[in-house]
Every structure is written in structure tokens, then in C-alpha cells.
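Please open the model in your viewer and keep the sequence panel beside it. The stops below are meant to be taken in order, with a new selection at each one.

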Amino acid sequence: MTTRTDTDHRSAAAPDDRAARPVMLELVDEDGVTVGTAEKLSAHLPPGRLHRAFSVFLLDERGRLLLQRRALGKYHSPGVWSNTCCGHPYPGEPPFVAAARRTGEELGVAPALMREAGTVRYNHPDPVSGLVEQEYNHLFVGLVRDGPRPDPEEIAETALVDPAGLARLRGEHPLSAWFTTVFDAALPAVRELVPGAGW
């Protein structure tokens, strides 16, 4: 497992005037059709409200998966390892656009390639925070060529792992409540993208 940490980098993304307002999520039905909006924290309080989300899986030229360990200061799932990037589109924002935007904001990189990899719906309570992930999640896989420059408010460290490295990490560190579900759902697209990497 290769790990790099950068505690001095700040996201190069331009300030967003939405930052001063409450973060709103897009509520959806079981088919992913928008039915309304809710404030982010309220949507995650038990039993949770089904909302739109995205998860990104980026791999390097050797087929290693870029993972992040969430910053210790985050109120939801701090300090756990998870996929390259995940989050929620703004209401009305296309999931692909949101995924590319947040990858840049959190990791300081732009995918060299990114494509849709389906959707998955899940209900995962987080045993530590007590929050609930009721999500209709849009999955994306892609390639990254540049090294990450993570925003320390979002990410504590990053790692590039091959399948054996991921297995070791699973055995040694906690993972996000949603990681296994989204990774398993994205795995066919990962294998198609990097067929010789052993995934």
C-alpha cells in the first residue's frame, strides 16, 4: 500500500456562494425520481430519508484503486477509509457533474477519464455516529494520472491499493459503512476499465 499525506494543501476550487447556506440534498423515490429536498444532516438522522448520492472509484495507470481516509474532523464517519470520493449533488445538479466537482475539491485532481457505472440503493446505519445512509447512489469509475493534493479538512490521507493491498487494509482498518456495497456494485465496471489489474 502506497500512502501519501499532504496536510498543507487547500482545495484550489473557487469559493462557492452556496457554502454560506445550509447544504440541501435531493430526496428521491425508490426509482431515483426527485421528490423534494432536505437539509443534509436531517436527511441522515434515523431512520434516514432516501436521497441522491454519488461514489467515485479512480484507478491509476497500474490499475491501483485510489482510496481516502476521511478527515478526523468530519461529523460523519471520521477517520475511516473509503472510496476515492463520495458525496451528494446539489438539488438539480447532474450526478456526473457533482462527482467531477467534488473529486477536484477534495483531492485536487481531475479524472483523466470518468464514466457511469450504474446505481445502487442501500440503507446503512453508521454504528459510531448513529447517522443513517439511505441513499440512491450513482456510481462512477475512471482513471487518474496526477497525484492527489487532498484538502486536509476533507481527507486525512490517501492510498493507492491493488487487490491484495485492499484486502490488507480491510483487515487492519475500519472502512466506511457504505464502502463494501458501493465497491461491489462498481466492481464490474472497474474490471472492464482495468482488465489486467486483478480486480
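This is a predicted model: local features need pLDDT of at least 70, side-chain atom pairs count only at pLDDT 80 or more; totals for chains, interfaces and linings use all residues.

Residues are numbered from 1 along each chain as its sequence is written, and side-chain values use heavy atoms, with hydrogens and water left out.

**Stop 1: strand β9**

Select residues 132–143, which form strand β9; helices (H or I, at least four residues) and strands (E, at least two) are DSSP runs, numbered from the N terminus. Of the 12 residues in β9, 11 are buried, where buried means under 20% relative accessible area, exposed means over 50%, and partly exposed lies in between, with a 1.4 Å probe and protein chains only.

Strand β8, residues 113–125, runs antiparallel to β9 with 11 bridges, and here H124 has E133 as its bridge partner in β9. The hairpin of β8 and β9 has 6 residues between the strands, and within this hairpin G130 takes a positive phi near 85°.

**Stop 2: Q134**

Stay in strand β9 and select Q134, which is buried with a relative accessible area of 11%. What does the side chain of Q134 reach at 3.4 Å? It reaches the backbone oxygen of P47, a polar contact, meaning a pair of N or O atoms within 3.5 Å in which, within protein, one must be able to donate a hydrogen and the other to accept it, and residues adjacent in sequence count only if both atoms are side-chain atoms. Leaving aside residues up to four places away in sequence, Q134 touches P47, G48, R49, L50, H51, R121, Y122 and N123, with contact taken as heavy atoms within 4.5 Å.

**Stop 3: helix α4**

Next select residues 179–193, helix α4, which bends by about 50° at L187 and has a proline, P188, following within four residues. The bend at a residue is the angle between axes fitted to the seven residues ending there and the seven starting there. Colour the buried residues of α4, which are F179, V182, F183, A186, L187, A189, V190 and L193, and then show what covers them, including β4, β5 (65–70), β8, β9 and α3 (163–172).

Within helix α4, centre the view on F183, which counts as buried at 5% relative accessibility. Not counting residues up to four places away in sequence, F183 touches F57, L65, L166, R170 and W199. The C-alpha atoms of F183 and S82 are separated by 9.5 Å, although these residues are 101 residues apart along the chain.

**Stop 4: the cores**

The largest nonpolar core has 27 residues, and those with the most contacts inside it are F57, L65, L67, V141, F183 and W199. Such a core is a set of buried Ala, Val, Leu, Ile, Met, Phe, Trp, Tyr and Cys residues joined through side-chain atoms within 4.5 Å. At least two residues of this core come from each of β4, β5, β8, β9, β10 (155–161), α3 and α4, and the largest share, 8 residues, comes from α4. Another core, of 14 residues, lies apart from it, and among its members are L58, C85, V144 and L160.

**Stop 5: β10 and the cysteines**

Strand β10 is mostly covered, with 6 of its 7 residues buried. β5 and β10 pair in the antiparallel sense over 6 bridges, and L66 has L160 as its bridge partner in β10.

How many disulfides does a search of the whole structure find? The search finds 0 disulfides, a disulfide being a pair of cysteine sulfur atoms within 2.5 Å. The sulfur of C86 is 6.3 Å from the closest cysteine sulfur, in C85, which is too far for a bond. C85 counts as buried at 0% relative accessibility, and C86 is also buried, with a relative accessible area of 15%.

Methods. Two strands pair if DSSP finds at least two bridges between them.
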